[in-house]
Amino acid sequence: MTARDERTDLSVIREGVARLCARFPGAYWRELDGRREYPQAFVQALSEAGYLAALIPSEYGGSGLDLAAAAVILEEIHRQGCNAAACHAQMYIMGTLLRHGSSEQKQRYLPRVADGSLRLQAFAVTEPTSGTDTLALRTTAERQGDEYVLSGQKIWTSRAEHSDLMLLLARTTPREQVAQRTDGLSVFLVDLRALIGHGVTIKPIRTMMNHATTEIFFDHARIPAAALIGAEGRGFRYVLSGMNAERILIAAECIGDAKWFVARGAAYAKEREVFGQPIGVNQGVQFPLARAFAHTLAAEAIVQRAAASYDAGVDCGIEANSAKLLAADASWEAAEACLQIHGGFGFAEEYDVERKFRETRLYQVAPISTNLVLCYLAEHALGLPKSYGRASAEAPGSGSGSGAGAGAHSAAGGPISE
Ligand SMILES: Cc1cc2nc3c(=O)[nH]c(=O)nc-3n(C[C@H](O)[C@H](O)[C@H](O)COP(=O)(O)OP(=O)(O)OC[C@H]3O[C@@H](n4cnc5c(N)ncnc54)[C@H](O)[C@@H]3O)c2cc1C
């Protein structure tokens, strides 16, 4: 890790993010939540301040920060009661473009993503029938001359209505014709603006929290062949290579949530009086919060360790997945303790606890479900047999039966974004 100067000092970054977030208090999020409206002003402010370009190298106009710094940005957003889900994907999905895109693609898009004039917020992987089994996805991209023709459907493609560009994983070679199960999928950088109404339909899905998620239908939509990133058929590997960063960044958001819940819970326990004394004098009130606090500290240490390994270029699949698991559990435990401490008021919108409670629940399922993280750890850390992907591994062309995560030692297979 490089020495930190004023620009990269984590406490300076944290203070800057906190100042920005102070302009977007609970009332702002509450109002948007009620209307399920995208937090435009917040995303705009983050873009203008350069935070969403943290990981873009300075040669393309970004800040060129490391993952540890990016994690601090997302953690602080959540610690302040805001929600980075509206824009966090920009941080990690541009990595696929950066690592595997051509220099022409990088020159063309990254400076504009960095200065906020183009949004790269959407990542279309999950499909209704494939779910966690990413290799079973069915959306096809068929090469026709100097174009690809897209057909199929994605689900849970978040922020697609608010993004100019979308990273798409689609099948370019039929499953039964590939030598290895992980072959045959390709990644495309799709310019959504040109496609709406021309073979692409986006339908919002209303969810329990304000997440701007959608389903996308491709009906013979034509994109230029130049939209392909890297080599045809290698897309699954490209996407997997970004997994650890995603896990660590999402874990950092969970830590921010956990800290928010613990702080709110403690403040309320001191102030709320019942039976003539603050409820916080009761151990039954203190203990769940104290336990959540300790679990948050422990999870935070693993998140930081995973980020440090990532920044040092060390394989960190086990640490990144453990970080995601522990941080998501810590935030959920803290959410539960905070809500309980608030009694009936925990359910009242004006306290923001119920909103944050709904928001943090997502991390048990997305971007990867807790079970699939455990599957990864069982296999890669403990050397136990791979428990998933057995049925589909028997598909023709499956070779030695390598499943989604196999061959990718750095990250769990399965769905990747949220
Ligand atoms: C709000 C939201 C936003 C999202 N945003 C995006 C996005 O932007 N882009 C994108 O591509 N995807 C996105 N997703 C999809 C998300 O990544 C998936 O929902 C998630 O990975 C789980 O997949 P699934 O819903 O298909 O569940 P399924 O695969 O149907 O699994 C259902 C349950 O079964 C369990 N399960 C399945 N297989 C096993 C097994 N072998 N062992 C043990 N348990 C198992 C899972 O853990 C899960 O709890 C989003 C989802 C949500 C809810």
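Axes are lines fitted to C-alpha atoms, for helices over the stretch in contact, and angles run from 0 to 180 degrees between N-to-C directions. Helices (H or I, at least four residues) and strands (E, at least two) are DSSP runs, numbered from the N terminus. The model is predicted: local features need pLDDT of at least 70, side-chain atom pairs count only at pLDDT 80 or more, and totals for chains, interfaces and linings use all residues. Residues are numbered from 1 along each chain as its sequence is written.

**Exercise 1.** Determine how α1 and α4 are oriented to each other, and which residues make the contact.

Solution. Step 1: helix α1 (residues 10-22) packs against helix α4 (residues 67-79) at an angle of about 30°, and their axes are 9 Å apart. Step 2: angles under 35 degrees count as roughly parallel, over 145 as roughly antiparallel, 65 to 115 as roughly perpendicular and the rest as oblique. The two helices α1 and α4 are therefore roughly parallel to each other. Step 3: from α1 the contact takes Leu 10, Ile 13, Arg 14, Val 17, Ala 18 and Cys 21, and from α4 Ala 68, Ala 69, Val 72, Ile 73, Glu 76 and Ile 77. Contact here requires C-beta atoms, placed from the backbone, to lie within 7 Å. Step 4: the residues of the contact of α1 with α4 comprise 10 nonpolar, no polar and two charged. In this classification Ala, Val, Leu, Ile, Met, Phe, Trp, Tyr, Cys and Pro count as nonpolar, Asp, Glu, Lys and Arg as charged, and the others, Gly among them, as polar.

**Exercise 2.** Characterise the packing of α5 with α8 and with α6.

Solution. Step 1: the axes of helix α5 (residues 89-100) and helix α8 (residues 243-271) come within 9 Å and cross at roughly 170°. Hence α5 and α8 are roughly antiparallel to each other. Step 2: Met 91, Tyr 92 and Gly 95 of α5 meet Ala 245, Glu 246 and Leu 249 of α8. By class, this contact of α5 with α8 has four nonpolar, one polar and one charged residues. Step 3: for α5 and helix α6 (residues 103-114), the axes come within 11 Å and cross at roughly 165°. The helices α5 and α6 are therefore roughly antiparallel to each other. Step 4: Gln 90, Met 94, Leu 97 and Leu 98 in α5 meet Gln 105, Lys 106, Tyr 109, Leu 110 and Val 113 in α6. The contact of α5 with α6 holds six nonpolar, two polar and one charged residues.

**Exercise 3.** Is Leu 98 buried, partly exposed or exposed?

Solution. Step 1: a residue is buried if 20 or more other C-beta atoms lie within 10 Å of its own, exposed if 12 or fewer, and partly exposed in between, with C-beta atoms placed from the backbone. Step 2: Leu 98 has 18 other C-beta atoms within 10 Å and is therefore partly exposed. Step 3: not counting residues up to four places away in sequence, Leu 98 touches Lys 106 and Leu 110. Step 4: Leu 98 and Pro 57 are 41 residues apart in sequence, and their C-alpha atoms are 8.9 Å apart in space.

**Exercise 4.** Describe the pairing of β3 and the facing of its side chains.

Solution. Step 1: two strands pair if DSSP finds at least two bridges between them. Step 2: strand β2 (residues 140-144) pairs with β3 in the antiparallel sense over five bridges, and Ala 141 stands opposite Leu 150 in β3. Step 3: β2 and β3 form a hairpin with two residues between them, and Gly 145 in the turn has a positive phi of about 65°. Step 4: nine bridges join β3 to β7, and these strands run antiparallel; Glu 147 stands opposite Pro 224 in β7. Step 5: side chains alternate along strand β3 (residues 147-155), where Tyr 148, Leu 150, Gly 152 and Lys 154 point to one face and are buried.

**Exercise 5.** Examine the backbone geometry at His 220, Phe 275 and Pro 367.

Solution. Step 1: His 220, in strand β7 (residues 213-224), has a positive phi of about 55° although it is not a glycine. Step 2: Phe 275, in the loop between β9 (273-274) and β10 (277-278), has a positive phi near 55°. Step 3: the peptide bond from Ala 366 to Pro 367 is cis, with omega near 0°.

Key: Two residues are in contact if their C-beta atoms, placed from the backbone, lie within 7 Å.
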